Amino acid sequence: MLRLLRLLLLLLLLPPPGSPEPPGLTPLSPGAPPQAPDLLYADGLRAYAAGAWAPAVALLREALRSQAALGRARRDCGAHCAAEPGAALPAVLLDAPGPDSGPGPAQGAWERLLLRGVLRRAECLTQCGAQKLGPGGAARLRVGSAIRDAFRRREPYNYLQRAYYQLKKLDLAAAAAHTFFVANPTHLQMREDMAKYRRMSRVRPQSFRDLETPPYWAAYDTGLELLGRQEAGLAVPKLEEALQESLAQMESCRAGCEGPEEQQREEEEEEGAGRQGGLYEAIAAHWIQVLQCRQRCVGDTATRPGRSFPVPDFIPSQLKRLHEAYAQVGNLSQAVENILSVLLFYPEDEAAKKALNQYQAQLGEPRPGLRPREDIQRFVLRSLGEKRQLYYAMEHLGATFEDPDPWTPAAFIPEALREKLREDQEKRPWDQQPPQPKPLTHWKDVLLLEGVTLTQDARQLNGSERAVLDGLLTPAECGLLLQLAKDAAEAGARSGYRGRRSPHTPHERFEGLTVLKAAQLARAGAVGSQGAKLLLEASERVRTLTQAYFSPERPLHLSFTHLVCRSAIEGEQEQRMDLSHPVHADNCVLDPDTGECWREPPAYTYRDYSGVLYLNDDFQGGDLFFTEPNALTVKAQVRPRCGRLVAFSSGGENPHGVWAVTRGRRCSLALWHTWAPEHREQEWTEAKELLQEPEEEEEMPSRDPAPEPPSRRLQRVQDKAGKPPRVREEL
């Protein structure tokens, strides 16, 4: 009944038909206390599923408003109660005790101070929460971890954009789509939806705005852009705004570390494990978790939406930009304050000390009143106090802590931990800093396979490290592999994906075959062993040629091999606007808006070179194309044909996609190569051994004569390697 009344109330709050929609997410019920965001979200999804688009919009927007209001109320109460007289924690807690320290001059006094401060703080928070959020306060509006994650991933905006589209409110649909896409740049369907919105004449360019990103990122980017254009006078206020908003965002994040959601997260982590220890152990464990959460706020604040890694040294780097900007406008006092603030983080920074000496020489007479910024001093001192406690907990209580800051003084780290931490910092995955590629060997100096010719090089393809080669397969070999794909599909093999529809478009059917699945089917008699063996041989030809052309001084290993066929679905090809495979790069997450490609998960960062060996050309569409990093400007296009190989480096220098297959069936062998031997394709070796085994071994009782489902075999192989299974994206 309550949900029905809430739904009716929100329907009354909707604007009448034809009235203009307020910009962004203007609250539908200004001044009203927030309702339970999870219940609103659930009701919104029910309305969405029922096709009730207007109620769905109202409920989803109110869920977002309530979630934001709930966070603001908690932050405001936290700040208010921290300054409440009598609610301050005893100063002795700011430092961790030394291993030899005694109980202090007044044994047990700090316990009474702590208890009194905690009780007063709890009373203040309870009263403030009840005043702002109603009876029960924040505890009544506790949100489960699944819903919290959904809001963190901005999933409500995915539903909002489709509901707005159904209501013909295209500008708001584009804004919601953009907001979701910023935090989910690898979401293929949203990428296609965004491209459609951009092609719509009724959608204004300014509609593509982010409704959720904290404002400091816009100020930060604008300030850097203005500073780069030597417009320091305009850059200073933007850079100051970015710094102040960054610090405020960090305070907001820290306040959330004491909320009921964090307590629930701890309970979920400890569920089934049981609690150990008594009162003091429980207090210490909870306090350590709060401190760990607060320290993580540094990285959270420095991480752009949709990114996996933070901007390095985010606060110190802003201070460096500020002192440069102040110096350019002639405000040397402010320049000195900011460079002194930089030295709080890095006292031995030679560039900072040189800049300080230069500013002081220009100022002339000594200025004793010049000192680091007060907000930065507080930030550094507080952070160091928390680090001291966490490192003490690591050494004496077995706690874990990953310091987010490279500037932490070595003196704060116990001697027993320094060597281990130093080793951990020096251990970097090879693929995060890949070796610089050596200059390409001239084509005339490369030993080619017999009959293979270079059709187009990188210059002719308007790019770098890409080539088209012909003659890797004869027509008879192409026919044998095409028959292998057909026989495997008739046998029900769809290895690599679960469904028959393509994972990239609903207008094409997909058939995939791995080398191990081909070998298993050949052993079971479902496909010819000659075709399965040729699949292995062809992949080795591609690897040999790719290494000879691109990496003659460093061995390449096959990382994954997949025989892929896409077929156009009849009756669904009219006015197609999608692609058979959207524009992407193979070892990094492509961001078309900035032109950057982030070498981080979920991309396959260990891939170094890619190849597509085509088997036929009797279909319409399906050409491979390379684009600029904006994923829009096509630089080169390649038409498939039997025996043609397109090989290229897997990074952001080679964004590529596939035009829609509008008629017929397109088959190719997709391959990826790696310099890292630990990422060598284990299934390839298993398939080769399986095809070489004598036939009589099939009767061994320990071997299952039926072909094993590829997902199970893949899971077992990856479990042995210690790597989680991942969905593969194929060309």
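User: Why is the disulfide of Cys565 and Cys667 called right-handed?

Analyst: In this predicted model, the torsion about the S-S bond of Cys565 and Cys667 is about 115°, so the disulfide is right-handed.

User: How do you know that Cys565 and Cys667 form a disulfide?

Analyst: The sulfur atoms of Cys565 and Cys667 are 2.1 Å apart, and a pair of cysteine sulfur atoms within 2.5 Å counts as a disulfide, so this pair qualifies. The link connects distant parts of the chain, with Cys565 in strand β4 and Cys667 in strand β14, 102 residues apart. Cys565 and Cys667 are both buried.

User: What makes the link of Cys77 and Cys128 a disulfide, and why is it called left-handed?

Analyst: The sulfur atoms of Cys77 and Cys128 lie 2.1 Å apart, and the cut-off asks for sulfur atoms within 2.5 Å, so the pair is a disulfide. The torsion about the S-S bond of Cys77 and Cys128 is about -85°, and the disulfide is therefore left-handed. It ties together distant parts of the chain, since Cys77 belongs to helix α3 and Cys128 to helix α4, 51 residues apart. Cys77 and Cys128 are both buried.

User: How many disulfides does this rule give?

Analyst: The count comes to 7 disulfides, and one of them joins Cys257 to Cys293, with an S to S distance of 2.1 Å. With -80° about the S-S bond, the link of Cys257 and Cys293 is left-handed. Here too distant parts of the chain are linked, with Cys257 in the loop between α11 and α12 and Cys293 in helix α13, 36 residues apart.

User: Why are α2 and α6 called roughly perpendicular?

Analyst: The axes of helix α2 (residues 37–49) and helix α6 (residues 145–152) come within 10 Å and cross at roughly 70°. Angles of 65 to 115 degrees count as roughly perpendicular, and α2 and α6 are therefore roughly perpendicular to each other.

User: Which residues of α2 and α6 meet?

Analyst: Pro37, Asp38 and Tyr41 in α2 meet Ile147, Ala150 and Phe151 in α6. The residues of this contact divide into 5 nonpolar, no polar and 1 charged.

User: Why does Lys168 count as exposed?

Analyst: Lys168 has a relative accessibility of 64%, and exposed means over 50%, so Lys168 counts as exposed. This residue sits in the loop between α7 and α8.

User: Why does Ala631 count as buried?

Analyst: Ala631 has a relative accessibility of 16%, whereas buried means under 20%, so Ala631 counts as buried. Its place is in the loop between β10 and β11.

User: What is the phi of Lys168, and what is the phi of Ala631?

Analyst: Most residues other than glycine have a negative phi. Lys168, however, has a positive phi of about 65° although it is not a glycine, and the phi of Ala631, likewise a residue other than glycine, is positive and near 65°.

Key: Residues numbered from 1 in each chain as written. Predicted model: local features only at pLDDT ≥ 70, side-chain atom pairs only at ≥ 80, totals over all residues. Heavy atoms only, no water. Axes fitted to C-alpha atoms, helices over the stretch in contact; angles between N-to-C directions. Helix = DSSP H or I, 4+ residues; strand = E, 2+ residues; numbered from the N terminus. Parallel < 35°, antiparallel > 145°, perpendicular 65-115°, else oblique. Contact = heavy atoms within 4.5 Å. Nonpolar A, V, L, I, M, F, W, Y, C, P; charged D, E, K, R; others polar. Buried < 20%, exposed > 50% of the residue type's maximum accessible area, 1.4 Å probe, protein only.
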